[in-house]
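Hello,

Here is the structure for your files. My notes come after it.

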Amino acid sequence: MLTSSRTTRPGTADPATRIPVAVHATDPISREGALSQLRRFPEIDLREETESGPGTVALLIDDVLDDTALTRLRRLVRSEGARAVLVVSALRETELLDVIECGVGAIVWRREATATRLVQAVLAAARGDGDLPADLLGRLINQVGTLHRGAAGRTGAPASGMTPREVDVLRLVSEGLDTGEIASKLSYSERTVKNVMHGLTTRLHLRNRAHAVAHALREGYI
């Protein structure tokens with residue numbers, strides 16, 4: 001379930017079932033501030049940064065979503081199996097797709113990161129729900145609508161929307177592999193991989209690889 005941050009209330013979890021939370025931040029002040037706020041809630045079980053893993057909610061705090069932050073998100077969610085909450089100052093539309101593609105469903109603006117708001121997002125992430133600021137939710141809905149309108153009624157596309165080869169390539173893209181690694185895994189040439197991606201993004205009017213992965217995830221292909 002994906003909801004706006006205005007519709008979810010913190011404190012609904014059973015206090016006896018504590019949620020392990022590891023706070024990750026690029027500066028010690030931000031990390032200590034988040035820890036101080038979260039300590040007030042009995043349902044939160046604070047862990048060290050090195051303890052992120054399955055069943056843990058990783059709370060990542062950064063100003064912008066640069067390559068380093070995105071790599072950290074992918075590692076925590078995909079490699080370590082944590083659920084993630086992203087606290088950030090701003091996100092561009094393409095970055096929003098990157099975040100969703102990473103598996104992050106809970107996002108908090110830094111300017112709104114009160115103790116109550118942080119716990120609300122942590123509880124949503126622990127349940128596997130989505131929790132986005134209202135303005136981000138609107139942007140995401142608009143992007144999904146654009147995708148569906150662009151693909152609807154188009155001729156020449158496979159009946160299923162994506163060919164098995166396109167799905168195979170996108171699955172490896174979603175795992176963070178580059179063109180050369182995908183070619184090696186599938187025993188294709190790099191040119192073939194590039195042609196598959198170009199044909200897919202052109203046919204379905206997708207902006208880039210992340211957009212294609214997000215579309216495939218939404219449609220249930222990967």
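This is a predicted model: local features need pLDDT of at least 70, side-chain atom pairs count only at pLDDT 80 or more; totals for chains, interfaces and linings use all residues.

Residues are numbered from 1 along each chain as its sequence is written, and side-chain values use heavy atoms, with hydrogens and water left out.

Helices (H or I, at least four residues) and strands (E, at least two) are DSSP runs, numbered from the N terminus. In helix 1 (residues 28-38), S30, R31, A34, L35 and L38 are buried, meaning under 20% relative accessible area with a 1.4 Å probe, protein chains only. Because these residues cover an arc of only 130 degrees around the axis, they lie on the same side of helix 1; the arc is taken from the directions from the helix axis to the C-beta atoms. They pack against strand 2, strand 3 (44-47), strand 4 (57-61) and helix 4 (115-127), with contact meaning heavy atoms within 4.5 Å.

A25 belongs to strand 2 (residues 19-25). Neighbours within four places in sequence aside, A25 contacts S30, R31, E49 and I61. The C-alpha atoms of A25 and A69, 44 residues apart along the chain, are 9.7 Å from each other.

Helix 7 (residues 179-186) and helix 8 (residues 190-203) pack at about 105 degrees, their axes 8 Å apart. Axes are lines fitted to C-alpha atoms over the stretch in contact, and angles run from 0 to 180 degrees between N-to-C directions. Helix 7 is therefore roughly perpendicular to helix 8 (65 to 115 degrees). T179, G180, I182 and A183 of helix 7 meet E190, V193 and K194 of helix 8.

Regards

Terms used: Angles under 35 degrees count as roughly parallel, over 145 as roughly antiparallel, 65 to 115 as roughly perpendicular and the rest as oblique. Buried means under 20% relative accessible area, exposed over 50%, partly exposed in between (1.4 Å probe, protein chains only).
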